[in-house]
Amino acid sequence: MAVKSNEKRISAKSRLYGFLGIILIAAAAIVAAIVLHVLNVQSFIWLYQLIILLAAGVGIYFILRKTFYEYVYTFSRDHFLIHQIVGSKDVILFAVDYKDILDFGPLSALQMDQERKNKLDKFYLAETTLDVYYLRYRDINNKCDKILTFKPSAPVIEALSAKIS
């Protein structure tokens, strides 16, 4: 069973800064073209066109990279998997056996000092409506306990709670 969840969402403010960056680069290219035209330098007129194309390409790349991805949580018979899908590329970010899961719940319920909790929570945007959850598991490779933090949707929380109980 696989459940999709958009864990990280880019805020409107971040998108606005991206678009403003593209506009500033394009404006700089236009100003450079005007200066070249005023100086009557016709041999470098292709330079502003190249700068505009590069700015548009870089801007489109970063916009697509930041907005077109999703996380898929897969519940197999024995394992809980987290996939990140960017376009057609599927990468398994995390895999753990259900018997190695020690604890699961909201990060606010985790018994830990506040400074360490803040370090776990620092990578999440405050604008999202999903709560940050933790998954404490036994790492069989390093023979220690580790904590994974993520923002699952309600179906993921229900399915994971059912699998580990």
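This is a predicted model: local features need pLDDT of at least 70, side-chain atom pairs count only at pLDDT 80 or more; totals for chains, interfaces and linings use all residues.
1. Starting with the overall layout, the protein chain has four helices and seven strands. Following the sequence, these elements come in the order β-α-α-β-β-β-β-α-β-β-α.

2. On burial and surface, the protein chain counts 165 residues, and 29% of them are buried. Its accessible surface is about 11100 Å², with carbon and sulfur atoms contributing 61% of that.

3. The hairpin of strand 6 and strand 7 deserves a look in your viewer. Strand 6 covers residues 133-139 and strand 7 covers residues 144-150; the two run antiparallel and are joined by seven bridges. Within this pairing, Leu135 sits opposite Leu148 of strand 7. Four residues lie between the strands, and in this hairpin Lys143 adopts a positive phi near 55 degrees.

4. Asp97 is the residue I would raise with you if you are setting up charges. Asp97 belongs to strand 4, which spans residues 89-97. Asp97 is buried but has no salt bridge, and Lys99, the nearest side chain of opposite charge, is 4.3 Å away.

5. What does Asp97 touch, apart from its neighbours within four places in sequence? Asp97 is in contact with Asp78 and His79.

Notes: Residues are numbered from 1 along each chain as its sequence is written. Side-chain values use heavy atoms; hydrogens and water are left out. Two strands pair if DSSP finds at least two bridges between them. Buried means under 20% relative accessible area, exposed over 50%, partly exposed in between (1.4 Å probe, protein chains only). Lys and Arg count as positive and Asp and Glu as negative; His and the chain ends are not counted. A salt bridge is a side-chain nitrogen of Lys or Arg within 4 Å of a carboxyl oxygen of Asp or Glu. Contact means heavy atoms within 4.5 Å. Accessible areas come from the Shrake-Rupley method with a 1.4 Å probe; for residues, only the protein chains shown count as cover.
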